[in-house]
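Let's take a friendly walk through a protein model together. Keep the structure open beside you and look for each residue as we reach it.

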Amino acid sequence: MDKTNILFITSDQQHWSAMGYLNPEVRTPNLDRLVREGQTFHRAYTVNPTCTPTRASWITGLYPSRHGAYSLGTKLPEDVPTIGDYLAPAGYRTALVGKAHFQPLLGTEEFPSIEAYPILHDLDFWRSFSGPFYGFDHVELARNHTDESHAGQHYALWMEEKGYADWRTYFLPNQKDQTVAGDPLTRSSHRRRAPGEAWEIPEEIHYNAWIAERANALLDRYAGVDGGTEEPFFLWASFFDPHPQYMVPEPYAGMYDPADVTVPEFSEGEFDDKPPYFRLAREKNPDFSAFAEPGGNGIHGAGSHLIDRDTLAKHIATMYGMMTMLDAYIGKIIDHLDELELSEKTLVCFTSDHGDFWGQHGLTKKAIHHYEDLLRVPLVVRHTGSAPAAVVNNSLQSTVDLAPTFLSIAGCEVPPTMQGMDVSDVWYGRRDSVRDHVIVENQHQPTTMNMRTFIEERYKITVHYNRDYGELYDLKNDPGELVNLWDSEEHRETKSRLLLRFLHAEMGKTPLPMPRVSGA
């Protein structure tokens, strides 16, 4: 029996609704085609609403509290087994092209990082390194979102091969805290673009083009196009958009008129019953100093979220342009897979690491507010001829389940050390659902900003470590999460029930690495 290939395609910080089939304001014809040809999950949730923890969970099947990369600015320990470690003995080739973000931008002697300054700008290093890396036998990496100064690694080498020796001029100079000794590419004349202003980088060297070209080259290799032997593969095409800063080259930059987009609005008073720090988002210069502590290093989203409507409309229009460009290059990969006649042999899975705010609840970008906008993610799976097509499934899904599910589909035994569940029966239409709850972790600081959310069919509860405050929402009657029921006398029993279920779920996700083989 032929092994099933796995093509894993991911975006970065994409709101679950930023796809054309759900939102007529944005055009994503290729993702819409995947939806028509596969099964789409409308209640898929991230395991953590930030990049590093989630990406580490994708490849380990572990929650961030277990694999160790619990927050941005941490790293996944190299000795934690990943999906590639299990696929390789089964004969799979494994590759990652694009964003990894398993390690931080600055390393230390105790916690070194090759995704850090100055190494990411040391092109001689990247000329001789392509893996292994966290279980992938082949990697081609980049680290920048849009014009960030982190641009370098394999992406920079590719731009030079395309004849752009001056590629550094399309990216910002290093920030002060990221300017370290030994970095040969610290400076640049590039300036930050204003909201709605086009990024001047030529489309032919945009990282979308790089990821699609290199992913297709790997597909050719694994398909044996040049006379080699066809090999089963796990290929991850890891895109960077539509992560802010919202920026895209023409023609996508001018594709959407800010006057035509729907701009979400803050509902006055909606933070009155929320945890106290929510209200700080509505201040011009909020003070989050109470959350500072040793071992912490800043909190994403802990700042002012005030932004004028015109600027927000420009951001949304640009983000739509980013989505349309991203969609075009995802389409190139899907088309090539079809051309190679691999579609019936390959599971295609598309998702994003977490959601995004573009004005919902008066918030922007990613933050410390566990609304559905941030926690829900797109999830589409397609396996032509084997899995359901044109199906929308509302069962609960968690991205901690990706690694065990991929392993099961590949015919590999799911190790008992993984915390995620094998949901392949749902993906292939053999069962309607497997999960009855989802847990989302978010530990931005060791203790002061540390929360976990438990989600079931109707209710959602968020517990904040060592805090009396919390959140409880009735997603059936209040899908906009405007009314916090945490202190509601009427919902006291519901709250108690959910807290007990939450505790049971936390106990249940403890992995058992081996059975009891003896009575003592």
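## A covered helix

Just after helix α2, Gly61 takes a positive phi of about 70°. The model is a predicted one, so local features need pLDDT of at least 70 and side-chain atom pairs count only at pLDDT 80 or more, while totals for chains, interfaces and linings use all residues. Residues are numbered from 1 along each chain as its sequence is written, and side-chain values use heavy atoms, with hydrogens and water left out. Helices (H or I, at least four residues) and strands (E, at least two) are DSSP runs, numbered from the N terminus.

Among the buried residues of α2 are Cys51, Arg55, Trp58 and Thr60.

Thr60 lies in this helix and has a relative accessible area of 2%. What does the side chain of Thr60 reach at 2.8 Å? It is the backbone oxygen of Ala56. Leaving aside neighbours within four places in sequence, Thr60 is also in contact (heavy atoms within 4.5 Å) with His67, Leu76, Val80, Pro81, Thr82, Ala403 and Met418.

## The nonpolar cores

In soluble globular proteins, nonpolar side chains tend to be buried together. A nonpolar core is a set of buried Ala, Val, Leu, Ile, Met, Phe, Trp, Tyr and Cys residues joined through side-chain atoms within 4.5 Å. The largest one in this model has 114 residues, and those with the most contacts inside it are Phe102, Phe406 and Trp427. Helix α9 gives the most to this core, with 15 residues. Another core, of 25 residues, lies apart from it and includes Phe271, Ala281, Ile299 and Phe357.

Have a look around Trp427. Not counting residues up to four places away in sequence, Trp427 touches several residues, including Phe41, Leu347, Val381, Pro388 and Phe406.

## Charged pairs

Side chains of opposite charge can pair when their charged atoms come close. A salt bridge is a side-chain nitrogen of Lys or Arg within 4 Å of a carboxyl oxygen of Asp or Glu. How many salt bridges does the structure hold? There are 35.

One of them joins Arg382 and Glu37, with the closest N and O atoms 2.6 Å apart. Arg382 lies in strand β10 (residues 379–382) and Glu37 in helix α1 (residues 29–37), so the pair ties together parts that are 345 residues apart in sequence. Arg382 is buried at 1% relative accessibility, whereas Glu37 is partly exposed at 30%. Both belong to a network of salt bridges that links Arg33, Glu37, Asp335, Asp338 and Arg382.

In another pair, Lys345 and Glu230 have their closest N and O atoms 3.0 Å apart. Lys345 sits in the loop between α9 (309–339) and β7 (346–352), and Glu230 in the loop between α7 (207–223) and β6 (233–238), so this bridge ties together parts that are 115 residues apart in sequence.

## A buried glutamate

Most residues other than glycine have a negative phi, and most peptide bonds are trans. His101 is not a glycine, yet its phi is positive, at about 60°. His101 is found in the loop between β4 (93–99) and α5, and is buried at 7% relative accessibility. Asn466 also has a positive phi of about 60°, but counts as exposed at 65%.

For peptide bonds, look at Gly131 and Pro132, which are joined by a cis bond with omega about 0°. A cis peptide bond also joins Glu250 and Pro251, with omega about 5°.

Note on methods
Buried < 20%, exposed > 50% of the residue type's maximum accessible area, 1.4 Å probe, protein only. Polar contact = N/O pair within 3.5 Å; in protein donor to acceptor, adjacent residues only side chain to side chain.
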